[in-house]
Amino acid sequence: MPRFLKEKKVVILLSGRYAGRKAVIVTPFDEGSTVKPFGHCLVAGIDQYPRKITKRMSEKKIAKRSTIKPFVKVVNYNHVMPTRYSVDVALDKSLVSKAALKDGVAKAKARKEVKSKFLARYKKGTDKWFFQKLRF
């Protein structure tokens, strides 16, 4: 079977706390591991999307509404729906890893890394569809 769940592929989470949220695959684990003997992946996604901005808003209000709340999580392949899109976000693999999720301080640093990269991408104006809430 061909590998189609690759790095930087956009997926939609189907179950759990982040159901309906868009995420990017950071690292796929097709063969599984000793702890999780099934196909899974490490994803970084958006928990709270940036809100709508209009011309009349002040700089302060625009800055507040442009914030992004990210998440980093290990998810089973059965609980993700792949899309045809991919987002070229260069995340630091040493900060955003499976090992970082076990330690609270490292997990906070990983989320901070994801937030800074996603925010830079959002401010650049590319991939607008990725930063919009999924309506269904």
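Select Lys-8, which lies in the segment before strand E1 (9-13); strands (E, at least two residues) and helices (H or I, at least four) are DSSP runs numbered from the N terminus. The model is a predicted one, in which local features need pLDDT of at least 70 and side-chain atom pairs count only at pLDDT 80 or more, while totals for chains, interfaces and linings use all residues. Residues are numbered from 1 along each chain as its sequence is written, and side-chain values use heavy atoms, with hydrogens and water left out.

The phi of Lys-8 is near 70 degrees, a positive value in a residue other than glycine. Most residues other than glycine have a negative phi. Lys-8 has a relative accessible area of 30% and is therefore partly exposed; buried means under 20%, exposed over 50%, and partly exposed in between, with a 1.4 Å probe and protein chains only.

Next, select Asp-127, in the segment after H2. Asp-127 is likewise not a glycine, and its phi is positive, at about 55 degrees. Is Asp-127 buried or exposed? Its relative accessibility is 17%, so Asp-127 counts as buried.

**The sheet**

Display the strands as a cartoon. Five strands form an open sheet in the order E4-E3-E2-E1-E5, with antiparallel pairing; two strands pair if DSSP finds at least two bridges between them. E4 and strand E5 (80-86) are the edge strands, each pairing on one side only. From one strand to the next, the twist averages 35 degrees. Axes here are lines fitted to C-alpha atoms, for helices over the stretch in contact, and angles run from 0 to 180 degrees between N-to-C directions.

Now select strand E2 (residues 22-29) together with strand E3 (residues 40-48), which pair in the antiparallel sense over 6 bridges. Within this pairing, Phe-29 has His-40 in E3 as its bridge partner, and Pro-28 has Cys-41.

Why is E3 largely enclosed by the rest of the structure? The reason is that 8 of its 9 residues are buried.

Show H2 as well: this helix lies across E2, E3 and E4 and runs at about 115 degrees to E4.

**Asp-47 and its surroundings**

Centre the view on Asp-47, a residue of strand E3. Asp-47 is buried, with a relative accessible area of 11%. Leaving aside residues up to four places away in sequence, Asp-47 touches Tyr-18, Arg-21, Lys-69, Pro-70 and Phe-71, contact meaning heavy atoms within 4.5 Å. Arg-17 is 30 residues from Asp-47 along the chain, and their C-alpha atoms are separated by 9.3 Å.

**The pockets**

On a 1 Å grid over the protein atoms alone, a pocket is an open set of points where a 1.4 Å probe fits, with protein on both sides within 12 Å along at least five of seven lines; lining residues have an atom within 4 Å of a point. Strand E4 (69-76) and helix H2 (104-124) are the elements that give two or more residues to this lining, and E4 gives the most, with 6 residues. By class, the lining of this second largest pocket has 6 nonpolar, no polar and 6 charged residues. Ala, Val, Leu, Ile, Met, Phe, Trp, Tyr, Cys and Pro count as nonpolar, Asp, Glu, Lys and Arg as charged, and the others, Gly among them, as polar. The space in the second largest pocket is about 160 Å³, a volume being the space filled by probe spheres set on the grid points, which are joined across faces, edges and corners.

Finally, select Pro-50, Arg-51, Lys-52, Phe-131 and Gln-132, which lie nearest the centre of the largest pocket among its 14 lining residues. That largest pocket holds about 340 Å³ of space, and its lining comprises 5 nonpolar, 2 polar and 7 charged residues.
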